[in-house]
Structures are given as C-alpha cells and as structure tokens.
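The following paragraphs lead through the contacts and the open spaces of one protein chain. Please keep the sequence and the coordinates in view while reading.

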Amino acid sequence: KMIVCKAEAGKYIFKQGDLATAFFIISEGKVQVEINGEKKKVLQKNDFFGELALIYSAPRSACIKAI
C-alpha cells in the first residue's frame, strides 16, 4: 500500500527513537537527516529513507526534517 504524505518545511517527519511504521520515497522537496542533533546530509527527489528501522524492527536511528 502506498500513500502520499506531505510535510511543511521545518516539521519533523519522524524523530530518532520513534517506532518504525513506514518507508518513504521523496517525490518532491528535500529533507534533512539529523543524528544526535547533528545535521548529517540532505536527501532530495528520488531519494528514500526509513527502511533500516523496518528491516531490523528497531527504533528510528535519525530524525528526518522537511526543509
């Protein structure tokens, strides 16, 4: 099942430690990856995130913020 999810700039899609419920593919815009409060990288159109927590049934390892 696939659904469209939109986020406003500055809003977190999920935070480090959250439970995993979805995998995300960016169709437009950009997100910032933060680990332990440190900015790590920016993902953009056609990039994806959120797969590791689903694969390993683990908490989210990073925060993802729309920018």
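**Charged pairs, cysteines and pockets**

Glutamate 38 has a relative accessibility of 46% and therefore counts as partly exposed. The model in which this residue is seen is a predicted one. The partner of glutamate 38 is lysine 40: the two form a salt bridge, with 3.4 Å between the closest N and O atoms. Lysine 40 is likewise partly exposed, its relative accessible area being 47%.

In general terms, side chains of opposite charge can pair when their charged atoms come close. How many salt bridges does a search of the whole structure find? The search finds two. Lysine 65 and glutamate 34 are both buried.

The cysteines come next. The structure holds zero disulfides. For cysteine 5, the nearest cysteine sulfur is that of cysteine 63, 16 Å away. A disulfide requires two cysteine sulfur atoms within 2.5 Å, so a separation of 16 Å leaves cysteine 5 in no disulfide. Cysteine 63 is in no disulfide either, its nearest cysteine sulfur being that of cysteine 5. Are these two cysteines buried or exposed? Cysteine 5 has 54% relative accessibility and so counts as exposed, whereas cysteine 63 is buried, with a relative accessible area of 14%.

The largest pocket has a volume of about 760 Å³. It is lined by 23 residues, and those closest to its centre are Cys5, Phe24, Ile25, Ile26 and Ser27. Strand E2 (24–25) and E3 are the elements that give two or more residues to this lining. By class, the lining of the largest pocket comprises 16 nonpolar, two polar and five charged residues.

The second largest pocket has a volume of about 350 Å³. Among its 18 lining residues, Phe49, Gly50, Glu51, Leu52 and Ser61 lie nearest the centre. At least two lining residues come from each of E3, strand E4 (38–44), strand E5 (48–49) and helix H1 (51–56). The lining of the second largest pocket divides into twelve nonpolar, two polar and four charged residues.

Key: Residues are numbered from 1 along each chain as its sequence is written. This is a predicted model: local features need pLDDT of at least 70, side-chain atom pairs count only at pLDDT 80 or more; totals for chains, interfaces and linings use all residues. Side-chain values use heavy atoms; hydrogens and water are left out. Buried means under 20% relative accessible area, exposed over 50%, partly exposed in between (1.4 Å probe, protein chains only). A salt bridge is a side-chain nitrogen of Lys or Arg within 4 Å of a carboxyl oxygen of Asp or Glu. On a 1 Å grid over the protein atoms alone, a cavity is a set of points where a 1.4 Å probe fits but cannot get out, and a pocket is an open set with protein on both sides within 12 Å along at least five of seven lines; lining residues have an atom within 4 Å of a point. Grid points are joined across faces, edges and corners, and a volume is the space filled by probe spheres set on the points. Helices (H or I, at least four residues) and strands (E, at least two) are DSSP runs, numbered from the N terminus. Ala, Val, Leu, Ile, Met, Phe, Trp, Tyr, Cys and Pro count as nonpolar, Asp, Glu, Lys and Arg as charged, and the others, Gly among them, as polar.
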